[in-house]
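Have a look at the model first, then read on.

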Amino acid sequence: MATQHSQKCCEELVAAGAVGTLFKLIRSLSRSIPDQEVLKPALSTFRNLSRYPHLIDVLIESCGSLETIVSEFLRNKEEGYFIASDLLKKIFTERKGVEAVRKSPALLKRLQNHVEELTRKAKADKRNKPHAVKELVLVDKRLREAVEILDLIKVSIGNPSRRLSLKV
């Protein structure tokens, strides 16, 4: 919570080396409920750090950070999905973030496959489960988030000198 309200707290965490420690922690977590309860605040801390451009660079430059965040985005079905989505959107408004994903075509391909999978799922659910409104809304919301992330990457790749503004 401190990182949500204070740039100084965010800077102190980074200076103390907490970014690397949190990424190690996230990589060690399973899909168990207790582990997922640890994941949400860790991702939220990164999201809070990403509000400051000089700290986004630290996140992007951390070894394996982008792969870790994308993996959590893809494997989470609950709140962690949307926290990771916010974080990715902030990262991909930065030139360094787009350059990092450009260097890893496999990550970009995973994001594209995720959008395709959600699109198929949304169409199938609408046909097969027309009364499951809550599930349909969640799939559509997740699909919109994923498409927005891909669009940010594509716009930035088309104009690499541009820094995008994003209201999150």
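Is Phe82 buried or exposed? Phe82 counts as buried, at 17% relative accessibility; buried means under 20% relative accessible area, exposed over 50%, and partly exposed in between, with a 1.4 Å probe and protein chains only. Bear in mind that this is a predicted model, where local features need pLDDT of at least 70, side-chain atom pairs count only at pLDDT 80 or more, and totals for chains, interfaces and linings use all residues. Residues are numbered from 1 along each chain as its sequence is written, and side-chain values use heavy atoms, with hydrogens and water left out.

**Rings around Phe82**
- Phe82 pairs up with Tyr81 edge-to-face, at 5.2 Å centre to centre and 75° between the planes (rings of Phe, Tyr and Trp, the latter by its six-membered ring, pair if their centres lie within 6.5 Å; planes under 30 degrees apart are stacked, over 60 edge-to-face, the rest tilted).
- Tyr81 is buried too, with a relative accessible area of 0%.
- Ring pairs join Phe73, Tyr81 and Phe82 into a cluster.
- Two charges sit over these rings: Lys141 lies over the face of Phe82 at 4.7 Å from the ring centre, and Arg142 does likewise for Tyr81 at 4.6 Å (the rule asks for NZ of Lys or CZ of Arg within 6 Å of the ring centre and within 35 degrees of the ring normal).

- The model has three aromatic pairs in total.
- Phe23 and Phe46 are stacked, since their ring centres are 4.2 Å apart and their planes sit at 20°.
- Phe23 belongs to helix α3 and Phe46 to helix α4, so this pair ties together parts 23 residues apart in sequence (helices are DSSP runs of H or I, at least four residues, numbered from the N terminus).

**The core**
- The largest nonpolar core holds 43 residues, and Phe46, Phe73 and Leu111 are among those with the most contacts inside it (a core is a set of buried Ala, Val, Leu, Ile, Met, Phe, Trp, Tyr and Cys residues joined through side-chain atoms within 4.5 Å).
- Helix α7 (residues 79–91) gives the most to this core, with seven residues.
- Not counting residues up to four places away in sequence, Leu111 touches Val70, Phe73, Leu74, Ile149, Leu150 and Ile153 (contact means heavy atoms within 4.5 Å).

Notes. Helix = DSSP H or I, 4+ residues; strand = E, 2+ residues; numbered from the N terminus.
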